[in-house]
Amino acid sequence: MQLKLAGITLAAVSVLAACASAPGGCAATGTVAIAAPVGGGTVVDAAGKAGTGGSAVGFIMVGPKDDYGYNQAVYAGSQAVKAAFPDLQVLTAENVPEDDNAARVMEDMIRKGAKVLFATSYGHLDAAKKVAAAHPDVVVVEQGNSVTGAMPPNLGTYFGTVYEPMYLAGIAAGKATTSHKLGYVYAFPITQTIDNIDAFELGARSVDPQATTYVVNTSSWCDPAKQAQATKSLLSEGVDVITQHQDCTATVIKTAEAAGAHVVGYHSDASALAPNGWLTGAVWDWAPLYTDIVRTATAGQFTGSKYNANYRVGYKTGTNPFVMAPYGSSVSQETKDLIAAAQLRLATPDGSPFLGPVTDQDGTVRISAGTVPDYATIEAITYFVQGVVGKLPSS
Amino acid sequence: MTSLLVDVAAGAVAGGTSIMYAGLGETISERAGIINLGTEGCMLAGALGGYAIAARTGTPWAGVVAGGLAGAALALVHGVLVINRKANQFASGFTVLFLALGLTSLWGVHYVGATIHALHPWRVPGLGSIPGLGPVFFRHDPLTYASFVAAPVIWWVLDRTRVGLLLRTAGERPEALEVNGYRVAPVQYAAVAAGGALAGLGGAQLSLAVANAWFENMVAGRGFIAVALVIFAAWHPMRVMAGSYLFGAALALGPALQARGHGVNQFALDVIPYVLTLLVLAALGRRTLQAAPDGLKRVFDSARVA
């Protein structure tokens, strides 16, 4: 036991040393999996008590808890925490703006006994930093953004890798298409969307070398009439599988279903809207990650843990909040087996949807053969891969 | 596979219809001397009212009726404020808009994700198979077919009937109505209600036929395009019809080009309706303003003084 502790301490010290010498501090070390002592001593003594002794856990959301999308998934995750920790009160606040109001709501939750806070929108980061600085005894984690520079001992960010399930969905699409044309209705050319589109095409291409993905953007997260027009334009070009990155998803799915096309969903399982065309999709499940963060924090082990960083999860690390939606009836056993095999491959150290060589639309090799890009590299991709038809909107 | 021209033209009719309904309604209202900047709100009320009733009753036609009634009811709130209480028309219009934005977001939550029997496209036998014309005009939902006759009928009523004369006189020379023993207010109420009902139908066409869904703020500015369209069309129903297809084409051009692999800036395309309206105003200037009903000129003038 004593030996083991010493080993952990050694490992932690070496991690700290690595942090000190790495440019940008500890922020990029997302895989530190053990408690790091601060100033020597045993793990238990040095773990710090941030996150312990509270009677509640708080969640702030930027939108309504029943939006059939992002915020509903957060709410569902918070209710899973409630079920897993019956002794803790779970506080939730909807429609919290991305400004100082967020800090005010979190302060209020702290007064009500919360020692662990989830700030679940990209724009909640500044408020999360502020609250974490004012309350060293409270653990604050933010969803989707990342901290540059040194990470305070009671702060962290986390997110999943949605492009992995989109890659797998691309396999389903590649097996389903007969025209070799897939369609993607997206909102804005942000990197998360570009990753999804590229991964979808790469997945399709892995099973159908002729597969192409046609893209149309709507310049809006939710304009159903524009979505309908975009879908119709894609269908009129011969596309027979449609997917999307939109906040509201029903219109694209219903329009494709009415035209007899296949559908890959996003955000939620909408198979009921497309009984004939539904293939699969990427949906949210925050329960395992939220529960583990709360378990780590309330045990006093947050500081120095993998969550005390810009934590990103995929199939490699498990607890990816993005999972595959149930398969539609038209998906064959062969396709399901291909997808299962691909998911296992993604979980290996060399597995990535963006495993090189990755070539862009102009034929330039962007990721060399055999290279496994890290999360930061993938989150910085700003080009469409070969096989995507369409250009990024000019600005 | 379909040619770009056919794709854009079919999209112009599909996307322009809701704008046409709202624009026709606003034309009626403005010809009677009442400008309703809350048209966007009337469309939202129609979109939600229509979707909610279609979801509850299981029939889209009940939704169509409800959408029209919801739009009319909201427009009458504006009517009471500006006709009875003599409130500033611009201020009242915006108030009604924000009221509708708030209430539809609040009540609409229950209907996000609800499913309905939509107003599905119906292919006109024979005509629907004509190359080019078929997909553009004859493969639409019933409300789109109704809009084909709505514009000429409204033109005929406004220009050629006694009802139209009364309505136009209310907008141009209200004192002349009084002299002849008519009361102005009921005529204006009727015009405002009809305008709101048509905007509501436009909203219902969006949720029941085009989108087959309800989401908060789903009208997304089409009501403002409609108000701009009325000025663009110089208060003439047939020109409203043509203009709505022009604006619809601007909305359809982006997706059609992108689906063929061309890069476009959707933001630039989205401002086309407003740029066209500005150009028309700049080119016609005085002539456009002279086409405005006299009653409206008073609204603009009083706004300038205030």
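Is B:S18 buried or exposed? With a relative accessible area of 1%, B:S18 is buried, where buried means under 20% relative accessible area, exposed over 50% and partly exposed in between (1.4 Å probe, protein chains only). This is a predicted model, in which local features need pLDDT of at least 70 and side-chain atom pairs count only at pLDDT 80 or more, while totals for chains, interfaces and linings use all residues. Residues are numbered from 1 along each chain as its sequence is written, chains are lettered from A and ligands numbered from 1 in the order in which they are written, and side-chain values use heavy atoms, with hydrogens and water left out.

**Around B:S18**

B:S18 belongs to helix 1 (residues 4-31) of chain B. Helices (H or I, at least four residues) and strands (E, at least two) are DSSP runs, numbered from the N terminus. Setting aside neighbours within four places in sequence, B:S18 touches B:M43, B:G202, B:Q205, B:L206 and B:R222; contact here means heavy atoms within 4.5 Å.

**Two helices of chain B**

Let us turn to a helix pair. Helix 2 (residues 39-57) and helix 4 (residues 89-108) of chain B have axes that come within 8 Å and cross at roughly 20 degrees. The axes are lines fitted to C-alpha atoms, for helices over the stretch in contact, and angles run from 0 to 180 degrees between N-to-C directions. Helix 2 of chain B and helix 4 of chain B are therefore roughly parallel to each other, given that angles under 35 degrees count as roughly parallel, over 145 as roughly antiparallel, 65 to 115 as roughly perpendicular and the rest as oblique.

On the helix 2 side of chain B, the residues in contact are B:E40, B:G41, B:L44, B:A45 and B:L48, and they meet B:L97, B:A100, B:L101, B:T104, B:W107 and B:G108 in helix 4 of chain B. By class, the residues of this contact divide into seven nonpolar, three polar and one charged. In this scheme Ala, Val, Leu, Ile, Met, Phe, Trp, Tyr, Cys and Pro count as nonpolar, Asp, Glu, Lys and Arg as charged, and the others, Gly among them, as polar. B:C42 is buried, with a relative accessible area of 0%.

Chain A has twelve helices and 15 strands, and 55% of its 395 residues count as buried. Among contacts in chain A between residues at least 6 apart in sequence, 67% join residues at least 24 apart.

How many disulfides are there over all chains? The count comes to one, a disulfide being a pair of cysteine sulfur atoms within 2.5 Å. A:C222 is joined to A:C248, with S to S at 2.1 Å, and the link is right-handed, with 110 degrees about the S-S bond. The pair links distant parts of the chain, 26 residues apart: A:C222 sits in the loop between strand 7 (212-217) and helix 8 (224-236) of chain A, and A:C248 in the loop between strand 8 (241-245) and helix 9 (250-258) of chain A. A:C248 is buried, at 3% relative accessible area.

**Backbone details**

Most residues other than glycine have a negative phi, and most peptide bonds are trans. The peptide bond from A:G356 to A:P357 is cis, with omega near 5 degrees, and A:P357 lies in the loop between helix 11 (333-346) and strand 13 (358-359) of chain A.
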